[in-house]
Amino acid sequence: MYKKIVAFTVAVVTMVACTTVPITGRRQLSLVPESVMQQQSYAAYDQVISESKISRDAQATAMVKRVGQRIQGAVERYMAQNGLQGELQGFDWEFNLIDDPQVNAWAMAGGKTAVYTGILPIAKNETGLAVVMGHEIAHAIAKHGSERMSQQLAQQFGGQTLSALAGTQPGAATNLVMSVYGVGSQLGLLKYGRTQESEADRLGLIFMAMAGYNPEEAVSFWKRMEAESGGQAPPEFLSTHPSAGTRQAALQKHMPEALQYYKAR
């Protein structure tokens with residue numbers, strides 16, 4: 001009986017608590033106001049930064065901040081040009097390089113972004129890093145973290161709000177924030193579902209192109225990521241992520257759109 005009640009609750013919540021992804025127009029489950037998501041993300045981000053070893057490599061750190069700020073500017077211009085500047089309300093951008101061999105990077109709600117030194121050899125250069133950061137920031141702009149959070153709240157906590165969970169189970173709320181952004185996960189760039197990954201690929205191309213980075217580098221980057229994982233991926237129909245071939249084909253499909261925004265610096 002309890003399982004039936006939970007299933008019914010989840011179904012009702014899923015039907016009524018929806019919003020639209022900025023730019024793409026896709027409908028997504030939304031149980032978490034962006035202001036609450038930002039508040040929880042900022043606290044989680046501060047915790048991660050305080051507990052991590054921040055890189056002392058001045059050159060690499062400067063590159064991360066430079067790429068982040070250029071993509072930030074591109075996002076702000078894009079949103080303003082499309083009448084979506086309100087979607088960035090409350091953003092408090094930050095870019096840090098964590099000295100850790102994990103092949104990982106992520107961006108939380110509000111633009112709080114972290115890159116791990118382990119991904120820099122795969123990025124190879126500033127343009128490769130722009131692929132990484134453009135993709136991760138696109139996840140934040142499309143509110144994929146909030147969408148995953150909402151799905152988890154509906155499935156695991158009966159649809160209760162994040163604020164309520166934080167009030168009764170603060171540890172669970174923090175862990176949930178960490179998990180939806182893949183904090184601490186190896187190959188963190190592959191953590192979202194197929195639809196979210198495809199959206200981030202498309203938007204990431206646009207943002208990096210507007211920032212003055214050649215979006216065509218994205219195909220080469222993802223080939224290097226595939227090589228890093230050893231090609232050990234399950235068949236696409238068993239995976240929540242696009243296969244390497246599907247992803248590269250989609251990138252090529254979206255390339256003409258992205259190149260319209262590209263002006264080399």
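Predicted model: local features only at pLDDT ≥ 70, side-chain atom pairs only at ≥ 80, totals over all residues.

Me: How many residues apart in sequence are T246 and S198, and how far apart in space?
Reply: T246 and S198 are 48 residues apart in sequence, yet 9.7 Å apart in space, taken C-alpha to C-alpha.

Me: Next up, salt bridges. How many does a search of the whole structure find?
Reply: A salt bridge is a side-chain nitrogen of Lys or Arg within 4 Å of a carboxyl oxygen of Asp or Glu. The search of the whole structure finds 10 of them. One is between D99 and K53, whose closest N and O atoms are 3.5 Å apart. D99 lies in the loop between strand 3 (94-98) and strand 4 (105-107), and K53 in the loop between helix 2 and helix 3 (58-81), so this pair ties together parts that are 46 residues apart in sequence. D99 is partly exposed at 34%, and K53 is exposed at 57%.

Me: Which side chain does E126 meet in a salt bridge?
Reply: That would be R70, at 3.6 Å from N to O. E126 sits in helix 5 and R70 in helix 3, so the bridge ties together parts 56 residues apart in sequence. E126 is buried, with a relative accessible area of 19%, and R70 counts as buried too, at 18%. There's also a network of salt bridges here, linking R66, R70 and E126.

Me: And what does R247 form a salt bridge with?
Reply: With E197, the closest N and O atoms being 2.3 Å apart. R247 is in helix 11 (residues 244-259) and E197 in helix 9, so to speak distant parts of the chain, 50 residues apart. Both R247 and E197 are buried.

Me: Now rings. How many aromatic pairs does the search find?
Reply: Rings of Phe, Tyr and Trp (its six-membered ring) pair if their centres lie within 6.5 Å; planes under 30 degrees apart are stacked, over 60 edge-to-face, and the rest tilted. The whole structure has 6 aromatic pairs. Take F221 and W222: their ring centres are 5.2 Å apart and their planes stand at 75°, so the pair is edge-to-face. F221 is buried at 0% relative accessible area, and W222 is buried at 4%. Elsewhere, Y78, F207 and Y261 form one aromatic cluster.

Me: Which residue lies over the face of Y213?
Reply: A charge sits over a ring if NZ of Lys or CZ of Arg is within 6 Å of the ring centre and within 35 degrees of the ring normal. Over the face of Y213 it's R70, at 4.0 Å from the ring centre. K112 also has its charged end over a ring, that of Y42, 5.0 Å from the centre.

Me: Last topic: how many cavities of 30 Å³ or more are there?
Reply: On a 1 Å grid over the protein atoms alone, a cavity is a set of points where a 1.4 Å probe fits but cannot get out, and lining residues have an atom within 4 Å of a point. Points are joined across faces, edges and corners, and the volume is the space filled by probe spheres set on them. The search finds 3 such cavities. The largest holds about 60 Å³ of space, and its lining includes W222 and H135. Helix 9 supplies the largest share of that lining, 5 residues.

Definitions and conventions: Residues numbered from 1 in each chain as written. Heavy atoms only, no water. Buried < 20%, exposed > 50% of the residue type's maximum accessible area, 1.4 Å probe, protein only. 1 Å grid on protein atoms, 1.4 Å probe; cavity = no way out; pocket = protein on both sides within 12 Å on 5 of 7 lines; lining within 4 Å. Helix = DSSP H or I, 4+ residues; strand = E, 2+ residues; numbered from the N terminus.
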